Amino acid sequence: MNRLVVAAPASGSGKTTVATGLMAALRTAGSRVAPFKVGPDYIDPGYHSLATGRPGRNLDPVMVGEHRIPGLFAHGSKGCDIAVVEGVMGLFDGRIDTAGIGSTAHVAKLINAPVLFVVDARGQSRSLAALLHGFRGYDPTVRLGGVILNQVGSERHEQVLRSACDEVGLDVLGVLPRDPQFSLPSRHLGLVTAAEHGPEAVAAVDAIAAAVAKHVDLDAVRRLASSVPTMAVSAWEPQVERVAGEPVIAVAGGAAFTFGYAEHVEVLKAAGAAVAVLDPLHDEDLPEGTAGLVLPGGFPEQHAEALSANVKLRDAVARFARSGAPVHAECGGLLYLARSLDGHPMCGVLDAEGFMTPKLTLGYRDAVASTGSPLHPAGSRVTGHEFHRTQLSTPHSVPPAWHWRGVDSRPVAEGFVAGGVHASYLHTHPAGDPEAVARFVRACHPFVAGVADGTVIA
């Protein structure tokens with residue numbers, strides 16, 4: 001598999017713009033492109049999917065274990081002739097207080113891929129040589145294979161920057177001028193999702209692809225991607241026991257619930273589930289025969305009024321949850337189960353209020369299951385990720401889903417387990433613990449949509 005990693009010195013350098021445009025331009029030129037994103041990000045893969053026509057996938061050694069990364073890469077690359085991996089933050093930025101675990105550099109080494117380095121050239125000239133020299137020398141086992149100069153102000157600026165790259169012996173594979181069209185819309189947790197942006201997202205990707213095709217040497221990019229050894233690795237497959245009977249599991253999607261991993265549905269199906277997509281913004285009932293419900297993360301706070309207005313589905317979800325059937329809710333799904341979100345009535349399964357805050361909660365968590373649930377037996381351990389600006393008033397009578405050590409080793413209890421409901425802010429990756437997904441499918445097997453008893457979990 002020909003492959004390369006798009007990295008940068010820091011966030012905000014233009015990685016997503018360049019990676020997405022490169023994927024789309026290569027596809028337009030006839031390549032079958034496999035798209036990847038380093039880390040737990042859900043938003044960028046949506047644009048990657050638009051650019052390539054394939055599911056955007058994540059490579060996160062922290063969430064799934066570094067031993068699974070080559071296999072997941074091979075799995076996501078099937079049927080393609082080139083893979084483009086967008087990095088995260090700066091090249092060597094990984095999990096805090098580790099030696100770069102989960103960084104772009106870490107993943108580049110795990111899949112033995114060269115790095116195409118994107119540099120925001122605003123305010124720089126010959127100092128670029130020092131920057132490139134430092135990044136290349138910091139870890140010589142990470143191969144910088146070329147440079148994309150982004151935000152270049154003029155022909156003279158380009159000449160000076162090219163000379164700086166020549167000084168350190170790095171080829172310039174592309175030069176992108178300053179242009180407000182070469183960007184994607186953002187909000188409080190990053191970009192606006194491709195699903196929400198709709199036709200405008202497609203137009204933005206097309207514009208970026210055209211710019212990359214014009215200003216980047218795609219043949220040089222292909223040569224760099226082909227300068228790699230063969231990977232002798234078996235593609236990842238979900239190794240789980242299959243349940244008979246194909247219980248129907250509804251998985252929320254649409255514009256409000258976009259934070260999911262492609263492997264989640266794949267593991268559900270491998271475990272015997274029949275997966276039905278549910279859009280809580282428009283569908284007024286659960287799919288026929290629903291025996292389990294998955295509510296992933298997303299931006300329900302951006303759609304609170306519309307979600308609240310869909311009273312029929314809110315009532316159906318509440319009845320289903322109170323029947324004892326399995327419900328797996330992460331982050332945005334947790335908010336949807338609350339009594340309200342920013343004052344808008346939600347499903348009322350949890351006697352708690354959700355609300356936006358100015359504070360960003362972000363980071364990996366090494367969590368232990370506090371309470372047995374359809375997903376995890378008590379005491380099981382996972383590594384997950386939090387990423388939200390909302391908070392939830394917590395009813396103390398509900399057993400927590402997780403506990404972990406927080407700042408200054410203070411204990412943190414988080415989430416809810418009640419009946420068949422497992423609801424939490426913590427995002428997990430199904431490839432890191434496929435047995436949890438299989439356990440959920442087994443728990444769904446005896447259930448059909450039940451009748452509400454009229455109570456609120458509190």
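View 1. Threonine 290 in strand 12 stands opposite valine 248. This is a predicted model, in which local features need pLDDT of at least 70 and side-chain atom pairs count only at pLDDT 80 or more, while totals for chains, interfaces and linings use all residues. Residues are numbered from 1 along each chain as its sequence is written, and side-chain values use heavy atoms, with hydrogens and water left out. Strand 10 and strand 12 run parallel and are joined by four bridges; two strands pair if DSSP finds at least two bridges between them. Leucine 293 in strand 12 is the bridge partner of alanine 250. Helices (H or I, at least four residues) and strands (E, at least two) are DSSP runs, numbered from the N terminus.

**View 2. Strand 12 and its pairing with strand 13.** Strand 12 pairs with strand 13 in the parallel sense, over three bridges. In this pairing, valine 327 in strand 13 stands opposite leucine 293. Six of the six residues of strand 12 are buried, so the strand is largely enclosed by the rest of the structure. Buried means under 20% relative accessible area, exposed over 50%, and partly exposed in between (1.4 Å probe, protein chains only).

View 3. Axes are lines fitted to C-alpha atoms, for helices over the stretch in contact, and angles run from 0 to 180 degrees between N-to-C directions.

**View 4. Helix 15 and its packing partners.** Buried residues of helix 15 (residues 434-444) are Pro434, Ala436, Val437, Ala438, Phe440, Val441 and Cys444. They pack against strand 10 (248-252), helix 11 (262-270), strand 12 (290-295) and strand 13; contact means heavy atoms within 4.5 Å. The axes of helix 11 and helix 15 are 9 Å apart, at an angle of about 50°. Helix 11 is thus oblique to helix 15. Angles under 35 degrees count as roughly parallel, over 145 as roughly antiparallel, 65 to 115 as roughly perpendicular, and the rest as oblique. The crossing of these two helices is right-handed. His264, Val267 and Leu268 of helix 11 make the contact with Pro434, Val437 and Val441 of helix 15.

**View 5. The largest nonpolar core and isoleucine 249.** Of its 98 residues, Leu22, Leu91, Val115, Phe117, Leu132, Leu149 and Ile249 touch the most other members. Helix 1 (residues 15-28) supplies the largest share, seven residues. Another core lies apart from this one and has 40 residues, including Ala256, Ala329, Ala338 and Ala423. A nonpolar core is a set of buried Ala, Val, Leu, Ile, Met, Phe, Trp, Tyr and Cys residues joined through side-chain atoms within 4.5 Å. Not counting residues up to four places away in sequence, the contacts of isoleucine 249 include Leu268, Val275, Leu293, Val294, Phe440, Val441 and Cys444.

**View 6. Helix 1 beside helix 2.** The axes of helix 1 and helix 2 (residues 43-52) come within 8 Å and cross at roughly 20°. The two helices are therefore roughly parallel. Their crossing is right-handed, the term used when the near helix is turned clockwise from the far one by less than a right angle (anticlockwise is left-handed). On the helix 1 side the meeting residues are Thr16, Thr20, Met23, Ala24 and Arg27; those of helix 2 include Asp44, Tyr47 and His48.

**View 7. Two loop residues with positive phi.** Most residues other than glycine have a negative phi. Asparagine 112 has a positive phi, near 55°, and sits in the loop between helix 5 (104-110) and strand 5 (115-120). With 42% relative accessibility, asparagine 112 is partly exposed. Phi of cysteine 331 is also positive, about 55°. Cysteine 331 belongs to the loop between strand 13 (327-330) and helix 14 (332-337) and is buried, at 4% relative accessible area.

**View 8. Serine 308 in helix 12.** Serine 308 is part of helix 12 (residues 304-309). Its relative accessibility of 10% counts as buried. Serine 308 touches Arg314, His344, Pro345 and Met346, leaving aside residues up to four places away in sequence.
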